[in-house]
Amino acid sequence: MTTSTRLAELGLSDSGRRTTPPPISTLMQSALANPNLISLAAGFVDPETLPTALVGDIVAEFAHDPALGRQALQYGSTGGSPDLRWRMLAEMEREDRVAEGTYAAAFERTLLTTGSQQLLSLAADALLDPGDIVLVDSPTYFVFLGMMASRGVRTIGIETDEGGLNPEALAEKLAELEATGELARVKMVSVVSEHSNPTGVSLLADRRLPLVETVRRFSERAGRRIVLIEDAAYRGLGFDPEAPEPPSLFALDPQGEVVLHARTFSKTFSPGMKVGFGVVPVGLIGPLLALKGNQDFGSAHLNQVILSRAMANDRYHEHRRRVVAAYRRKRDVVLEALEEEFGPSGSVGISWTVPQGGMYVWLTLPETIDTGPQGDLFERACREGVLYVPGEFCFAAEPTPPRHHIRLCYGLPPVSALSEGIARLATAIRGRLDQ
Ligand code: PMP
């Protein structure tokens, strides 16, 4: 019996058959099999930075304040804790450097989800049919791409450089799709706006308005909204307090015409809590809450209350400052190790991004090197004892994904293992180059 007949016999839906596990799950299995492996693959946060004492203290408050504990341990609402949603809006106002209260009107369009992953998934359920088209930065968050594939959606990558997605290239692609009569199928544009997974780069400040305006303009031409997903999972993790992140895409569309702002506490606080937050365009909150209501009628309320308490007296921000300092140090170690192995970026045909925040570095090798799991380099790297994410996972189906990139994440390994991890990778790469 072939795999496809077996799947047919399982009676799976179209989407059940189309869906494959995220490629990282397979890679993680190899990692677990070898305890000496240094994983520069997993997008895990630094375990040393997890807020164990802080969360412990907050949970301990429940013992002294049973009313608070009972409230936290009860079901919440489908949209999630209003207190935490207000706090997040206030946080966005500070980040975007607008007056307090500016975003108050958007409160009705906010919700809390089980990680931002659930928000992206709900948005996809609410908006996308098989055959629809979604345009993404190139490369982009590979789990999002998996989600699109599972829904039978066509993904097209738009030219992206060290300043993020190029809005002119987006406009050209949209015009091309309009000319071929396909604009009607374009439902979303998605970008990872800051310290991107996988490249570590952020969308330049002066590209933001052209991006929002391009999406608005083509929404009008299409005769219905194209949603602009602002995946801001790494917002708030910038290394330089003197160089704050540019205003969000939401700041350029506070009325909610096109922008869906997706956030998470997974990177700044704890992925184990899986708390995501979103502000969605006008008219979408109803369908999203209906879908969520049918799915789980609300995400874990306990976690939302813990986060509210952490944000209430700035313990959250203190914690985030420590997280950022830890990642900054790790970024420095990784970049120094790369330079030690290969000389300055670009000098031997190998170049890398210099992230200003977050936890990813994107490596570009000569085009002749296939970094994919089917290629020789990946196997060599595993033999040397280091794991990375092949860059090809991070590209839309169209145009044909390049295969000579690598995503490195410095989240999980301790500082002491990072240089060794890069040294192992360099040995594998040199071995491949010498062939
Ligand atoms: N977006 C991006 C770009 C991410 O890297 C991640 C986590 N790896 C998420 C969304 C989702 O994270 P979570 O569901 O934990 O909030």
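This is a predicted model: local features need pLDDT of at least 70, side-chain atom pairs count only at pLDDT 80 or more; totals for chains, interfaces and linings use all residues.
I started with helix H14 (residues 376-384) and helix H15 (residues 415-433): their axes come within 9 Å and cross at roughly 140 degrees. An axis here is a line fitted to C-alpha atoms, for helices over the stretch in contact, and angles run from 0 to 180 degrees between N-to-C directions. That angle makes H14 oblique to H15; under 35 degrees counts as roughly parallel, over 145 as roughly antiparallel, 65 to 115 as roughly perpendicular and the rest as oblique. The crossing of H14 past H15 is right-handed, meaning that the near helix is turned clockwise from the far one by less than a right angle.

Residues are numbered from 1 along each chain as its sequence is written. Helices (H or I, at least four residues) and strands (E, at least two) are DSSP runs, numbered from the N terminus.

Who makes the H14 contact? I listed Asp376, Leu377, Arg380, Ala381 and Glu384 on H14, against Arg424, Leu425, Thr427, Ala428, Ile429, Gly431 and Arg432 on H15. Contact means C-beta atoms, placed from the backbone, within 7 Å. By type, this contact has five nonpolar, two polar and five charged residues. For the classes, Ala, Val, Leu, Ile, Met, Phe, Trp, Tyr, Cys and Pro are nonpolar, Asp, Glu, Lys and Arg are charged, and the others, Gly among them, are polar.

Next I looked at helix H4 (residues 52-64) and helix H12 (residues 301-312), which pack at about 105 degrees with their axes 10 Å apart. H4 and H12 are therefore roughly perpendicular to each other. Leu54, Val55 and Ile58 of H4 meet Ile306, Arg309 and Ala310 of H12. I get five nonpolar residues, no polar and one charged in this contact.

**Sheets**

I traced an open sheet of eight strands, in the order S2-S9-S8-S7-S6-S3-S4-S5, with mixed pairing. Two strands pair if DSSP finds at least two bridges between them. Strand S2 (110-114) and strand S5 (164-165) are at the edges with a single partner strand each, so one side of each has no neighbour in the sheet. Helix H6 (residues 82-96) packs on this sheet and touches S2, strand S8 (259-264) and strand S9 (275-279); the direction of H6 makes about 110 degrees with that of S2. Further in, strand S3 (residues 133-138) and strand S6 (residues 186-192) run parallel, joined by four bridges. I found Val136 bridged to Ser190 in S6.

The other open sheet I checked has four strands, S10-S11-S14-S13, with antiparallel pairing. Its edge strands, S10 (351-352) and S13 (389-390), each pair on one side only. Pro390 sits opposite Ile406 in S14.

Ser138 and Pro139 are joined by a cis peptide bond, omega about 10 degrees. I placed Pro139 in the loop between S3 and helix H8 (142-150). Asn197 to Pro198 is also cis, with omega near 25 degrees, and Pro198 lies in the loop between S6 and helix H10 (205-222).

**Ligand**

Finally, I counted 14 residues around the ligand, the closest being Gly115, Gln117, Asn197, Thr264 and Ser266. A residue is near if its C-beta atom, placed from the backbone, lies within 6 Å. Helix H7 (residues 115-127) gives the most to this shell, three residues. I scored the shell as four nonpolar, eight polar and two charged.

Methods. Two residues are in contact if their C-beta atoms, placed from the backbone, lie within 7 Å.
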